[in-house]
Amino acid sequence: MTKHVLFTTVVFLAAIAPTNHVVSADPPSPAKPALATRDDAAMRRWRANRFGLFIHWGLYAVAGGQWQGKEIAGAAEWIQTYANIPAAEYAKLAQQFNPTKYDPQAWARMIRKMGVRYVTITTKHCEGFCLWDSKFTDFNIAATPYGRDLLGPLVKAMTAEGVDVHFYYSIIDWHHPDYRAAILSPDDRRAFDRYFEFMKNQLRELLMRYPEVGTLWFDGQWDASYCENPEYAERLEAFLRKVKPGIIINNRIGAGLSGNVDYDAAGRPFGDYNAGYERILPHAGSVPLYDWEAGMTLPENQWGYRKVWTGHFKTAAELAPMLAQCASQGGNFMINFGPKPDGTFREEERAVARDMGRWMKLNGAAIYGTRGSTFGQPRWGFITEKAAAAGGRTIYLTIFTKPASNSIKLAVPRPRVRACYRLDNPRETCEVQEDGPHRVAIAIPAQLDPLATVIALEVKP
Ligand code: JFZ
């Protein structure tokens, strides 16, 4: 009887224990991050997707980085702040937001062909404008000449193409009358409490209305009102997990300033993954302790649409190595596009979509569903691994810089090698020679892909 009660209790506790905070005792490796790593199906899918597209779209796209004929320095999606635009003045941009060329099917096709497996779209950025016709504010897409929901058709089209949708939501809101950057009086407290209810209502609305969406990406957590009162973050996270069990949330829901992993009062990290790698990757070869994702802009720091790009912007030649590096360190990589106000993408972005897509179509197996490698960081590129269908594993060697020796040495005994071939043309095998009892030397093909060539090495168990 006692045994039975104990058993029932254990089963019951296991059933109610949050699956999202399983702390592993194993030493960290890119294959198995050590901290608070979920291993349920949704999180495994999130992780296997590896390559995402961030989309920043809102009224700032109408301004395009210019105000009253002047180029405003700083990130285009922050123009309201940088140009000191009064909220009422800024809100008039809604009368000009009319993306008549918005074609969610065309977006979804381009995005699927680009090889990305998920899209994170700004449902509401700091400006407070909502891309869906929210019941809880009139400052939304319904009040524009366009007049109808932008998110629903996107979720439908992406889902039809097999691309997941994640929702970005800013805690900062420069439009809502109850938002406070700091709580300095009891009135501020009451206002911010009302704003907090508004956020909860909007997030519940989003999760109920678009049930396909299972990941929330928070931002704008650094104002004192929110980050100096971490009980808001704790309450918000608990609320969301109740509204949608199994939901995946980035750590910027947390109250910390840095965007890096922060802990709640019980010592658990906020959220399920670290979204703090912003336009920066972890040091090559290091092992982040947590599921993570890096976000990368094409120009230096522009997320929303800016008409005039000056200076350098990244092309696939820089982005492909970043993607491969992220995968080799067990993280996701998300490239950012800022659509134009008419609903189309600028040529520089379409070129990135085409070039990444061409490479991913041939070499995606080296990215999707892989884990980081335990071989350490080589000089010539990046390594990922995956369990092989025939047992054992496949090691993907993504070569960006061809070594002068024309060969790659790897600590694998020759008898363990089952097959070695180039991933973009598996019939073209690569010669593998014994290079000592514990090492092979792999011959690098003569003709390399202009972006990167992947050698797949299948190793028996
Ligand atoms: C924020 C936003 O301000 C920006 O507009 C954009 O949406 C981006 C994705 O997120 O900017 C940040 C947030 C966090 C860091 C840097 C920029 N950070 O942690 O280094």
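Predicted model: local features only at pLDDT ≥ 70, side-chain atom pairs only at ≥ 80, totals over all residues.
## Ground rules

Local features here need pLDDT of at least 70 and side-chain atom pairs count only at pLDDT 80 or more, while totals for chains, interfaces and linings use all residues. Residues are numbered from 1 along each chain as its sequence is written, and side-chain values use heavy atoms, with hydrogens and water left out.

Helices (H or I, at least four residues) and strands (E, at least two) are DSSP runs, numbered from the N terminus.

## Aromatic rings

A pair of aromatic rings is described by the distance of the centres and the angle of the planes. Rings of Phe, Tyr and Trp (its six-membered ring) pair up here if their centres lie within 6.5 Å; planes under 30 degrees apart count as stacked, over 60 as edge-to-face and the rest as tilted. How many aromatic pairs does this rule give? The count is 28. One of them is Y102 with Y146, an edge-to-face pair at 6.5 Å centre to centre with 70° between the planes. This pair links distant parts of the chain, 44 residues apart: Y102 sits in the loop between α5 (87-91) and α6 (104-114), and Y146 in the loop between β4 (118-124) and α7 (151-160). As for burial, the scale is relative accessible area: buried means under 20%, exposed over 50%, and partly exposed in between (1.4 Å probe, protein chains only). Y102, at 8%, counts as buried, and Y146 is buried too, at 10%.

F129 and F139 make another edge-to-face pair, at 5.3 Å centre to centre and 80° between the planes. F129 and F139 each lie in the loop between β4 and α7, so their pairing ties together parts that are 10 residues apart in sequence. Both of these phenylalanines are buried. Zooming out, Y102, Y146, F129 and F139 belong to one aromatic cluster, along with W57, F97, W107, F337 and F345.

## Arginines over rings

A charge sits over a ring if NZ of Lys or CZ of Arg is within 6 Å of the ring centre and within 35 degrees of the ring normal. R117 does this with Y368, lying over the face at 3.5 Å from the ring centre. R346 lies over the face of W309, at 3.7 Å from the ring centre.

Axes are lines fitted to C-alpha atoms, for helices over the stretch in contact, and angles run from 0 to 180 degrees between N-to-C directions. Angles under 35 degrees count as roughly parallel, over 145 as roughly antiparallel, 65 to 115 as roughly perpendicular and the rest as oblique. For handedness, a crossing is left-handed if the near helix is turned anticlockwise from the far one by less than a right angle, and right-handed if clockwise. Contact means heavy atoms within 4.5 Å.

Take α8 (residues 186-209) and α10 (residues 231-243): their axes come within 11 Å and cross at roughly 25°. These two helices, α8 and α10, are therefore roughly parallel to each other, and their crossing is right-handed. Residues meeting there include F192, F196, L203 and L207 from α8, and Y232, L236, F239 and V243 from α10. In the other packing, α6 and α7 have axes 8 Å apart and an angle of about 40°, and α6 passes α7 in a right-handed crossing. The contact is made by P104, Q105, W107, A108 and I111 of α6 with P153, L154, A157 and M158 of α7. By the angle rule, α6 and α7 are therefore oblique to each other.

## Two positive phi values

Most residues other than glycine have a negative phi, and most peptide bonds are trans. Q68 has a positive phi, near 50°; Q68 is in the loop between β2 (66-67) and β3 (70-71) and is exposed, with a relative accessible area of 69%. R279 also has a positive phi, about 55°, although it is not a glycine. R279 lies in the loop between β8 (274-278) and β9 (292-296) and is partly exposed, at 29%.

## A few single residues

Is T120 buried or exposed? T120, in strand β4, is buried, with a relative accessible area of 0%. Not counting residues up to four places away in sequence, T120 touches L53, F54, I55, H166, F167, Y168, W217 and M334.

Q80 lies in helix α4 (residues 79-82) and counts as buried at 8% relative accessibility. With the exclusion of residues up to four places away in sequence, Q80 touches I85, A87, Y90, E127 and W174. N201, in helix α8, counts as partly exposed at 23%.
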